[in-house]
Each structure stands twice: as structure tokens, then as C-alpha cells.
There are 2 protein chains.
Amino acid sequence: MTQLEYAIKGKITPQMELVADEEGIDAESLMEDIAKGWTVIPCNKKHPLKHPIGIGKSLRTKVNSNIGSSSDIYDIQKEIEKARISKKAGADTIMDLSTGGNIREIRKAIRENFDGPLGTVPIYEAAIESVKEKGGIIFMTPEKIFDVIKRQAEDGVDFITVHSGVTMDALKSLQLEGRVTDIVSRGGAFLVTWMVANTKENPLYEHFDKLIEIAKEYDLTLSLGDGFRPGSIADSTDRAQICELKTLGELKEVANKAGVQVMIEGPGHIPINEVEANVLLEKKLCDDAPFYVLGPIVTDIAPGYDEITSAIGGAIAACAGADFLCYVTPSEHIGLPTNEEVKRGIIATRIAAHAGDIAKGVRGAGLWDLEMSKARKKLDWEKQIELAIDPDLLKKRRSLQKPEVSDTCTMCGKYCAIKLVEEALRK
Amino acid sequence: MTQLEYAIKGKITPQMELVADEEGIDAESLMEDIAKGWTVIPCNKKHPLKHPIGIGKSLRTKVNSNIGSSSDIYDIQKEIEKARISKKAGADTIMDLSTGGNIREIRKAIRENFDGPLGTVPIYEAAIESVKEKGGIIFMTPEKIFDVIKRQAEDGVDFITVHSGVTMDALKSLQLEGRVTDIVSRGGAFLVTWMVANTKENPLYEHFDKLIEIAKEYDLTLSLGDGFRPGSIADSTDRAQICELKTLGELKEVANKAGVQVMIEGPGHIPINEVEANVLLEKKLCDDAPFYVLGPIVTDIAPGYDEITSAIGGAIAACAGADFLCYVTPSEHIGLPTNEEVKRGIIATRIAAHAGDIAKGVRGAGLWDLEMSKARKKLDWEKQIELAIDPDLLKKRRSLQKPEVSDTCTMCGKYCAIKLVEEALRK
């Protein structure tokens, strides 16, 4: 049985116990939320995780790190390093988005080097194998897609992105309205290329029952992807995007009824004033399924700083109810991230998630800040380093400049506000 | 006459013409907003600026760069460099917060190397001179404070932070309620130290008329500072903060009536869900005076990444109506910023301001994004570099990895979504 089926039957699984314990909540209420499809525990039942996590209602907002090779850069060692960096920087999950080199070997290596949930986008492997075996994405068969999904499930993948809402209808809507950046999702682009060339409906939509069958067998959580997510502020919250979201909501219901866990993916490039509405729409159209957002990126003009544009959007989204943030690195729109960029992306996204958690009142979120502020007030630098989201960086930066008065810093030096006020008010 | 007095008389000044032109708005309506105290043009009338800027209603959200020496690090050359970096990175204004070395010489050097509005916090120089001349901040006299303000105005300063709302009443309120981090504003700390030791009211409050007299003579814009801004999430939006804000609103009215331009400064450490309310409160309690915010920093736990915590808060504040963002650098809470940190602080804050401008509908804000997205769709990298908020960085990062297919990037390489879709939909 899947976590969802156990929950519906009123049975608390060991995974639910672990998650409830980590979150400091009641296992019973967690189980009820899973039963309603409001929360998921992505955990391949044939490869049980040591560290399962919960994503959804009232839980700490989780952070995903996207790693993986590309057709230009494919080195298994680099991906192992990125998996280790992701773990150290505090990513809750990893998605392996490899499209270059030996994809299966890379996936297995990442799996071995990360003990949290692992996600993939199987259409990548299916499309690339079709290119290699038959000379083009357009020659991909539905069987190939489902074979790849099954293979990835066998390898221990816990959740998969499937762009089942990229339908002919949504595509028509996109073409009718017109867009500045059309389609920027790689999975969405693969599927549309195939659909247009074959004049056939998306197999991940048409054969959704096959998808459910495999998902159920492994308790593979379906992350229903947004192939039509806007790739520019100008395209945000348009008819194609909402058309796809509505379909995802319908598919979510079908999957849940079959006992399959579901998350919904969301945009993309969205201006600040539309972020809250996007979260609301997802919750309404998809029956409060966990919302997994990429960014949102709130302005298009900052390549090189997209960990910041997306931290802004991610924080606002988390505050409004998004449950799971996919990181964006400084190299988004530029190239495959380096190790340092992977780290920066994770830290920026963790900041966004945590700031959102304080604001939406996730249990205990503010305690971390309180401890840090107490350490600041005491000018206790050891404690500040220990509590910092990136202790290594704080330690290194602090050692760079030595203040004359050793417990102050070089910003205010001997005119430290905290010290002055402590003396003025306490003596 | 001051800009405000001209505006009240219905006279459009050359500065108003320049600002209206830069903003692409009507000079008449700008003048009306200045007359109401909704917008300011900080411009010392004895040293007219080549590039005056407007701060306030319907205008592009502006960005300030804080530079200046400390008691630990005081090197005039370093400050000249930071002034030049601030200009290149796109700061609209600079505040010289020097507290070390020859403060006046540093101020003059910064003035010579930056052609936009320059701000200061005169209480710093007054306090430090009192320490040097008399052995302590507590021996500072009201005359010293006003002498320094006059001297700084003579040197061409355009706006000054004065913590006139740090009153005995507000201090009582702070002590009664209790705080985790008490007072973190350096100016606030200097004044409270003096007030407690002398059991006297804040001279910047008690002798506000003297302040107005000098401000009027030079058309020095008063930036009424928040000496009691919260220094931790736990202290946000408390009674001391709001008590001070109310006083600032009252003083704003007094100053405006005398023809003196006023901005109001705001927090500080504020969780996301309180940012909008803080902007609303400022607008209501201070009759829609321009709101100049530091951050807000939305979580305390990320020293080393406070350009991100504050970009989140700044973007939300700008979107809600804040007019002017003071940058926060990655070294906030750690030490005096390096050149690279000054640059990062400015870029992060410009991103926040711009994202806010798109969301609040500042005229033409979205056009920049539209141009960038069109260049992205065309895979026109030269244009993307030209349009990027940091062209140097994008150029450098792009040259780091060479994709096999030259107009793609190493993220998707030959599986570039934009290229695939262009082929699928256009042929």
C-alpha cells in the first residue's frame, strides 16, 4: 500500500512517525492530512528512505536542489559532489535532471550519496534515448516513456515530474493568446515537439492510468509539472498556464482516488503582486494539494542574481501557502550551476522558505531567530556562528576583519550600539 | 526658497523639470506631490546637484548605498572607491556614515566622487567630536549637534538622518515592554546614552525648531530616523517603534509647514507578514511622507546573506508603497562592507526596488523585463548582456562555460527548450 492508502485506512506508518517527530507535530493529524491529499511523503516503497520528509499543510516549507548533467557537461564525479554539497547546505530533496552522459549511472550515484527523497523528470531520459536510438524526440513512443518511468522507480526514485497537463487544448490556448517566451520548460518542450510532429495527445495525459499503475506499485509521488509555466513576467498567469493548472487539479483527483500521492508544480516568472493569487488558484483548483514552486522569479532582468529574484518570490509564495520551493541558482538563464552556485541557490531558498515559515506561523519557526538575536545581543560570536544558516561563511567573514574591541565588529567598532545601550540602560 | 516652498507657490523648479523628465512624468503633477509632502527632491540649495532625484509617490523606488569609515577601518581612498562602485552599480544616493578617521575630509571626498544626493547622520560626527574633545558622548551639547549639522550642510550634504523621535516617552515605552535586542540604531544609541546620563530630552526633539531653521536655509531634506527600529524579528512592530513613528508623523507636519522637506525612516527586522502593515502605518501616521526603509530584514538567521533577507523585505515593502530602499550588504551584522559587498548590496536592492516597481505599477517598469525576455526568446546573448542589471557579471559568467551549440547555454545545451519550441511551432 502507498502512504496515502495507509492514511485513508487510518494507519500510521513508520514514515509518518518519523515525519511527525521531525516536525514536532501529532502523527494522527499528519495522517489525516495525507489522507486528504494535503500532504505527501515521497518515499519509494521498494527502497524505503532513512530520512523521509513530509511536504504539505502546516509543515516546514521544504527546499529542493536541482542537479544533474547536461549535453555539454556530464561528469559523474561532479554530480556526486553536487549531491554532497546539497546535503551539507541543507536541501531537503534533490532532483536529478541529467540529460548528458550515462544518465542511469549518474542517477544511481546521486541516490547513493543523498539520503533524502530523490526526484527526476523521466521524460528527459525517454526523449534522449529516442534521439539516440531513433534519431529524434518525435520518434519517442508512449511505451518508451512508461518503460523509463518504471526503470527509474526500480532505481529508487521517490517522486517524478510528469507534465500531464500539457494537452492539445492548453497548447491551443497558448498559441491563440500568444506569448513572449512561449514554452521554457524542457519537459514541456519535449512533449510539445512530439505532440505537434505526431498530431497526437500527450501520452502522459492520455495514458494517465498507466502512470497511476506504476506510481501505485512503487508509491512514486507524482509531481504534476507545469510545462506551460511562464518564462517571463509578460506571460505570467495567462490562459495557457491556468488551463494547464485546471487539468492538473482534475488529474490530482484521479490519482488520489487510486491511492497515488500528488504534488502540483507552479511557476516560474511571476510579478510580486500575482504570487499570492497563484498560490490561491493552485489550492482552489487542485483541492489543496501540496504546491511545489520554481521561484517564482519576480523580475527578468537579473541573470547572475536569480537566487535573489527567486528568493523574493519564493518567500512570498511560502508565506501565502506554497509548501515546497525548488531552488534557483545564480546561473539560471546562463548555464549549468557550479558547486558554489548550487550552494548559494540552496541557502537563498532556505532563507526564503524560513522567512515564509515565520510569516505563516509554522510551529517553532521563529525560535531559531530568537536564539540568534539573543546571541547578537550578548555579542556572543561563537553562538552566532553556530546558529547561522551558513556557519562556515560567517566564521570566515568574521575572521577577515579584526575589530579593536574584540567582541564588537568593524561596522561600528567602539561605537557599538548594543554595547552603548547595554551600559546606558543597565548600569 | 526650498523645493517645497516653490511647489506650494505653484512654481516648477529646474530640479523638478529634471526629475519629471527622468521619470517620464508630468512636472506639474510632480510639483503638486511635492507641495503635499508626498515627494521630496533632496538637493542642498547652496550646492545644486547635477543629477537631482525625486523620492516619493508614483516614482521609481530609489536605492541608497551606505558607505563610510568606522573606528576600525578609516581610509579615505577606500571610501572614494566605494563611492565610485556605488555609482557604477546604480545607487541613486549615498549616505556617508563615517565614524573613523577625518570624517569631514572623507565626506568631502565622497561628495566630489558622487553626483547624486548625499546623506549623512550628523549625530555621529557630533558624538565622536564630543568623545575626542570632552571624553564622552554624554558631554555632547545641543550646540555641538547643531554646529555639526550646519557644517555638514555647508559641505553640500542633501539629506540628513535625525532621530528626533527618540524621546523620553518612547524610551519609557521600550523599557516597559522589554526587547530582545533593545536599540540597534547607532544614532539612537548615542542619543539614549546622552539622554539617560543627562536626564534630559533629546535635543533633536526639544529643539526641533533649530533643526528646521538650518534645514530651511540649505533646503536640507530631513530624513526622520527610527532610532528604535527593531533589531530582531522578536521586537518587530512593538509599542516603542510605533510610539516613535507617531512622533515622526507629528514632526513631519511641523517641518512641512515651515517649508522643509521630510522623509520618514522605517525598520529594520520585520517578518514578511508585517511588512505591508508597516508601510500602511507610516503612510497613515505620517501623512503619506516618502518612506525610506532599511531592509526590512525578514529573518535574523542569515548573517552573510543579508542582502537576500533584505531584498525579500525591500521588494515587499516597495510593492506596498515604500519609496526608498536603503541597501543592506552581505556583511550586515558582521563588519564594514568590502567593495564587492557594497556592489552586491546595491544590485540586490535594485532588484528588490525594480520587482516592487513592476508590482506597484510604476510607469514603464515592466518594459525592461519585456526587452530582456524578447532577447532571451531570440537567444540574443549580446542583447541580454546589455540589458542585464550587471552586464559585467553576465558576460564573465557566460564566457566560463562554452556550449556545443553556440547560441544555447550549458544548462540545456542541444535540448534547449526555446530552440525546440521555436522549431516545433514555427515550421
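Guide: Let's start with Thr199(B), which sits in the loop between helix H9 (186-198) and helix H10 (203-206) of chain B. The helices and strands named here are DSSP runs (helices are H or I, at least four residues; strands are E, at least two), numbered from the N terminus. This is a predicted model, in which local features need pLDDT of at least 70 and side-chain atom pairs count only at pLDDT 80 or more, while totals for chains, interfaces and linings use all residues. Residues are numbered from 1 along each chain as its sequence is written, chains are lettered from A and ligands numbered from 1 in the order in which they are written, and side-chain values use heavy atoms, leaving out hydrogens and water.

Back to our threonine. Thr199(B) is not a glycine, yet its phi is positive, near 40°. Most residues other than glycine have a negative phi, and most peptide bonds are trans. With a relative accessible area of 68%, Thr199(B) counts as exposed (exposed means over 50%, buried under 20%, partly exposed in between, using a 1.4 Å probe and protein chains only).

Leu379(A) also has a positive phi, about 55°, without being a glycine. Leu379(A) belongs to the loop between helix H16 (365-377) and helix H17 (381-387) of chain A, and at 13% relative accessibility it counts as buried.

Now for the peptide bonds. Pro267(A) and Gly268(A) are joined by a cis peptide bond with omega about 15°; Gly268(A) is in the loop between strand E8 (262-266) and helix H13 (272-285) of chain A. In chain B, a cis bond links Gly295(B) and Pro296(B), with omega about -10°.

Next, look at Lys62(A) in strand E3 (residues 62-67) of chain A. Its relative accessible area is 0%, so this lysine is buried. A polar atom of its side chain lies 2.9 Å from the backbone oxygen of Gly54(A). Not counting residues up to four places away in sequence, Lys62(A) touches several residues, including Glu23(A), Asp92(A) and Asp323(A); contact means heavy atoms within 4.5 Å.

Arg397(A), in helix H18 (residues 391-400) of chain A, is buried as well, at 8% relative accessibility. Leaving aside its neighbours within four places in sequence, Arg397(A) is in contact with residues of chain B, among them Ser331(B), Pro337(B) and Glu341(B).

How do the two chains fit together? Chain B can be laid on chain A with an RMSD of 0.0 Å by a turn of 180° and a shift of 0.0 Å along the axis, superposing by least squares on the C-alpha atoms of residues with pLDDT of at least 70 in both. The two copies are therefore related as by a two-fold rotation axis. In chain B, the C-alpha nearest that axis belongs to Ile312(B), 2.3 Å away. The copies meet through the same surface, because 100% of the interface residues of chain B are also interface residues in chain A.

One last stop is a pair of helices in chain B. Met16(B), Glu17(B), Val19(B) and Ala20(B) in H2(B) meet Ala27(B), Leu30(B), Met31(B) and Ile34(B) in H3(B). Among the residues of this contact, seven are nonpolar, none is polar and one is charged (Ala, Val, Leu, Ile, Met, Phe, Trp, Tyr, Cys and Pro count as nonpolar, Asp, Glu, Lys and Arg as charged, and the others, Gly among them, as polar).

Terms used. A polar contact is a pair of N or O atoms within 3.5 Å; within protein, one must be able to donate a hydrogen and the other to accept it, and residues adjacent in sequence count only if both atoms are side-chain atoms.
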